[in-house]
Amino acid sequence: MNTRNFIIYQSTVGIAASIIFPFYILFLKNVGSSYSQFGWAYGLFALTAALSYPFVGKMADKLGDHLLLAIYSWGMAAILLVFPLAYEIWHVYVLQIVMGLLGAIQKNSEKAFLARAVNKETAGVEIGRYHVWTSIGAAIAVIATGYLVDFLTIGSLFYIASIAFAWSGFYVMKFRNESK
């Protein structure tokens, strides 16, 4: 996969994440009864990601970035279908732990792909360009979702994001054989 295709993949992932994460707080507040529960939910996510990185790093070198990025995308697609069904705070905690593992897979694979793909002499410029396009996609998604949420339920945002994540998984696998 070339850098352009990777930017398209990551932009799709960024858009999907931006559809739900800024409005996710509203969903969590409806499930939990306090901000401390919200803190625990995000803390479990971050702690799981942190503890997963050594394992994920080893898997990236063995399985390859494409497969792990697809696992992330399809994992997120699946978990977002379950999220609107969560009605107890412990459901959210379990989902956050799974999302922490998936988040570690995504972050590690993203960085590994970029490290392998960019030219050392122009790495700063190439990575800067990468961040411009992925950030623009995410920003547009947040703004558009602000309007969408006025017409849809919070739960429907999870389904829309799930579709985007599922598509990104197929997209990244399309280019898997190119890099072999």
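Predicted model: local features only at pLDDT ≥ 70, side-chain atom pairs only at ≥ 80, totals over all residues.
We begin with the largest pocket, which holds about 440 Å³ of space. Its lining is made by 22 residues, and among these Ala17, Phe21, Tyr72, Gln106 and Lys107 lie nearest the centre of the pocket. The elements that each give two or more residues to this lining are the helices α1 (3-31), α2 (35-63), α3 (65-82), α4 (89-117) and α5 (123-151). When the lining residues are sorted by class, 13 of them are nonpolar, 7 are polar and 2 are charged.

Side chains of opposite charge can pair when their charged atoms come close. In this model the count of such salt bridges comes to 3. One of them joins the side chains of Asp61 and Arg116, with a distance of 3.3 Å from N to O. Because Asp61 belongs to helix α2 and Arg116 to helix α4, this pair ties together parts that stand 55 residues apart in sequence. The two partners fall into separate accessibility classes, for Asp61 counts as exposed at 60% relative accessibility, while Arg116, at 49%, counts as partly exposed.

Arg116 also meets the side chain of Asp65 in a salt bridge, here at 2.8 Å from N to O. This pair again links distant parts of the chain, since Arg116 lies in helix α4 and Asp65 in helix α3, 51 residues apart. Asp65 has a relative accessibility of 7% and therefore counts as buried, the limit for that class being under 20%. Through shared partners, the salt bridges join Asp61, Asp65 and Arg116 into one network. A further salt bridge is formed by the side chains of Glu110 and Lys111, at 3.5 Å from N to O, and of these two residues Glu110 is buried, with a relative accessible area of 10%.

Leu81, Val82, Leu85 and Tyr159 make a nonpolar surface patch of about 360 Å². Leu81, one of these four residues, has its place in helix α3, the helix that also contains Asp65.

Gly146 has its place in helix α5 and counts as partly exposed, with a relative accessibility of 26%. Between Gly146 and Phe23 there are 123 residues of separation in sequence, whereas their C-alpha atoms are 8.3 Å apart in space. Val172, for its part, is found in helix α6, which covers residues 154-174, and this valine is buried, its relative accessible area being 0%. Val172 and Met59 are separated by 113 residues in sequence and, from C-alpha to C-alpha, by 17 Å in space.

Notes. Residues numbered from 1 in each chain as written. Heavy atoms only, no water. 1 Å grid on protein atoms, 1.4 Å probe; cavity = no way out; pocket = protein on both sides within 12 Å on 5 of 7 lines; lining within 4 Å. Points joined across faces, edges and corners; volume = space filled by probe spheres on them. Helix = DSSP H or I, 4+ residues; strand = E, 2+ residues; numbered from the N terminus. Nonpolar A, V, L, I, M, F, W, Y, C, P; charged D, E, K, R; others polar. Patch = residues over 30% accessible without salt bridge, like charges linked within 9 Å, V, L, I, M, F, W, Y side chains within 5 Å. Areas by Shrake-Rupley, 256 points an atom, 1.4 Å probe, with all protein chains shown as cover. Buried < 20%, exposed > 50% of the residue type's maximum accessible area, 1.4 Å probe, protein only.
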